[in-house]
Amino acid sequence: MAEIAIIGAGPAGGSAALFAAKAGKQTLLIDSDQSITKKAWIENHYGVSEIKGPDLVEIGIQQAKKFGAEYVQAKVTEIAKTDDGFNIVTESGETHQAKVVIVASGLFLEFAEKSGLQTKPGTEPRIKTILDADADGRTNVEGIWAAGTCAGVSVHTIVTAGDGAKVAINVISELNGARYVDHDLLK
């Protein structure tokens with residue numbers, strides 16, 4: 001069973017997976033390979049002069065894997081509460097288990113209602129529905145968090161990546177029982 005499962009490997013999910021895996025949490029990253037970032041050309045991402053969206057997504061996945069995250073390409077159809085966490089069911093019928101789930105699925109929330117997650121109208125152009133989450137990323141289902149565009153954050157990659165990191169830090173902090181901070185230093 002993963003400690004933290006992240007649904008979606010776009011900038012929010014990839015960033016959340018990177019922080020979770022780097023914190024030593026057993027991390028599962030599940031992605032349907034439908035991120036809108038895969039269609040983007042990006043010149044407004046701090047620290048990156050320019051990058052193709054597919055490259056940004058792939059680098060994020062590789063960073064998370066470098067620290068031990070498991071990556072599964074699959075489309076999630078339901079998240080079901082269990083006694084000790086959640087079963088995450090995919091379109092192919094596979095089931096993955098996790099103690100905590102971070103939903104970072106961008107535009108794709110077909111599984112939300114079936115999973116008991118409350119939604120509300122989106123405020124970004126072309127984003128019709130988002131998860132009803134608080135500022136920390138908590139949803140109405142204890143143990144399921146939301147990050148990035150599906151949580152109502154701007155679709156800009158720099159913003160969604162930051163939100164994924166923020167939510168992951170909040171989850172890690174809660175699991176650890178103390179505020180988590182990750183700072184690397186030059187060697």
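Select Q34 to start: the residue sits in the loop between β2 and β3 (41-42). Helices (H or I, at least four residues) and strands (E, at least two) are DSSP runs, numbered from the N terminus. Before going on, note that this is a predicted model, where local features need pLDDT of at least 70, side-chain atom pairs count only at pLDDT 80 or more, and totals for chains, interfaces and linings use all residues. Residues are numbered from 1 along each chain as its sequence is written, and side-chain values use heavy atoms, with hydrogens and water left out.

**Stop 1**

Is it buried, partly exposed or exposed? Q34 has a relative accessible area of 34%, so it is partly exposed. The classes are: buried under 20% relative accessible area, exposed over 50%, partly exposed in between (1.4 Å probe, protein chains only).

Now show the contacts of Q34. Leaving out residues up to four places away in sequence, Q34 touches K75 and F108. Contact means heavy atoms within 4.5 Å.

Q34 and A147 are 113 residues apart along the chain. Their C-alpha atoms are separated by 16 Å.

Move to D33, in the loop between β2 and β3. Its phi is near 65 degrees, a positive value in a residue other than glycine. Most residues other than glycine have a negative phi. D33 has 32% relative accessibility and therefore counts as partly exposed.

**Stop 2: strand β2**

Select residues 27-31, which form β2. This strand is mostly covered: five of its five residues are buried.

**Stop 3**

Select residues 2-7 for β1. Five of the six residues in β1 are buried, which leaves the strand mostly covered.

Which strands pair with β1? One is β2, which runs parallel to β1 and is joined to it by four bridges. Another is β8 (residues 95-103), also parallel, with five bridges to β1. Two strands pair if DSSP finds at least two bridges between them.

A2 has A98 as its bridge partner in β8.

**Stop 4: R126**

Jump to R126, in the loop between β9 (119-121) and β10 (129-131). Phi of R126 is near 70 degrees, again positive in a residue other than glycine. R126 counts as exposed because its relative accessibility is 75%.

**Stop 5: T149 and T157**

Select T149, in the loop between β11 (144-146) and α3 (157-176). Its relative accessibility is 9%, so T149 counts as buried. What does T149 contact beyond its neighbours within four places in sequence? The partners are G106, I127, I130, S154, V155 and T160.

Next is T157, found in helix α3. T157 is buried because its relative accessibility is 8%. Not counting residues up to four places away in sequence, T157 touches P11, T37, I42, H45 and L56.

**Stop 6: the whole chain**

Zoom out and colour by secondary structure. The chain has three helices and 11 strands. Trace it from the N terminus: β-α-β-β-β-α-β-β-β-β-β-β-β-α.

Look along the principal axes. The C-alpha atoms fill a box of roughly 45 × 40 × 30 Å.

Colour by burial. Buried residues make up 48% of the 187 residues. Among contacts with a separation of 6 or more, 52% come from residues 24 or more positions apart.

Show the surface. The chain exposes about 9,600 Å², with 49% supplied by carbon and sulfur atoms. Accessible areas come from the Shrake-Rupley method with a 1.4 Å probe.

Finish with the charges. There are 18 positive and 24 negative side chains, and the centres of the two sets lie 3 Å apart. Lys and Arg count as positive and Asp and Glu as negative; His and the chain ends are not counted. Each charge is placed at NZ of Lys, CZ of Arg, CG of Asp or CD of Glu.
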